[in-house]
Amino acid sequence: MFFEFGIKDIIDILLVALILYYVYRLMKVSRSLNVFIGIMVFVVLWLVVSQILEMKLLGSIMDKLVSVGVIGLIILFQEDIRKFLYNLGAHRRFKAFQRLFGGSDKKRDKEKLKQIIMPIVMACMSMSKKKVGALIVLQRSTPLDDIVATGERINASVSQRLIENLFFKNSPLHDGAMVIADRQIRAAGCILPVSHDLDIPKELGLRHRAALGITHESDCIAVVVSEETGGISVAIHSHFQLRLTAEKLESILTKEMS
């Protein structure tokens with residue numbers, strides 16, 4: 001049997017390991033790591049009983065549990081599976097593949113992108129100096145219609161003055177998040193899911209947790225201006241980049257939105 005081990009078997013093992021790694025990451029983000037460990041223990045026990053010890057009665061019972069358990073896990077983790085597939089489809093390499101066939105005018109797209117990014121950067125720097133809290137979510141490939149529905153629809157062009165007015169401390173919409181999509185400010189005062197990740201530094205407040213929470217569920221970019229310190233942060237792919245300058249913020253947004 002050892003000499004029959006070939007290149008296909010190596011590829012098979014690598015693919016299984018890759019799948020298990022991504023499932024592990026998915027479970028860790030959704031705080032279901034103990035469930036993942038429990039599943040792995042059960043699978044190992046099932047393989048030992050059915051393949052190594054060849055216990056027919058117990059093996060057949062566990063076979064039935066596995067077949068039913070797969071359906072149960074899909075139902076139990078349907079939201080996490082949906083997020084995983086969204087993130088897979090939104091991966092940078094897949095988007096590059098789509099652009100290859102779709103085609104685009106890069107110079108024109110870059111100019112349009114700059115018209116959106118610069119007002120955001122200037123507004124964030126102005127609010128940072130005044131220590132005005134803000135949370136701006138930029139939609140990418142994952143639709144945020146459910147988030148937009150929780151706030152007040154704006155549907156206006158992106159401008160520095162409008163962004164600052166909406167986050168002004170006496171504004172009724174300043175506590176929620178602003179969603180920018182399709183080159184427009186779609187809504188303000190939106191409610192975001194809050195991340196319960198224990199690794200978030202304690203000095204970061206609720207706005208930062210909300211910013212991280214929405215990046216768990218979509219491929220969007222969340223820009224935060226701290227009301228306490230005036231610091232500017234960006235959350236992308238469930239990770240923070242903190243204490244950003246205007247140049248760094250512009251660079252990140254240009255790179256990630258391209």
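**Entry 1: helix α9**

I looked up which residues of α9 are buried (under 20% relative accessible area, with exposed over 50% and partly exposed in between; 1.4 Å probe, protein chains only). They are Arg207, His208, Ala210, Ala211, Leu212, Gly213, Ile214, Thr215 and His216. With 9 of its 12 residues buried, α9 is largely enclosed by the rest of the structure. Helices here are DSSP runs (H or I, at least four residues), as are strands (E, at least two), numbered from the N terminus.

A note on the source: this is a predicted model, where local features need pLDDT of at least 70 and side-chain atom pairs count only at pLDDT 80 or more, while totals for chains, interfaces and linings use all residues. Residues are numbered from 1 along each chain as its sequence is written, and side-chain values use heavy atoms, leaving out hydrogens and water.

**Entry 2: Ser195**

Next I went to the loop between β4 and α9, where Ser195 lies. At 2% relative accessibility, Ser195 counts as buried. I found its side chain in polar contact with the side chain of His216, at 3.1 Å. (A polar contact is a pair of N or O atoms within 3.5 Å; within protein, one must be able to donate a hydrogen and the other to accept it, and residues adjacent in sequence count only if both atoms are side-chain atoms.)
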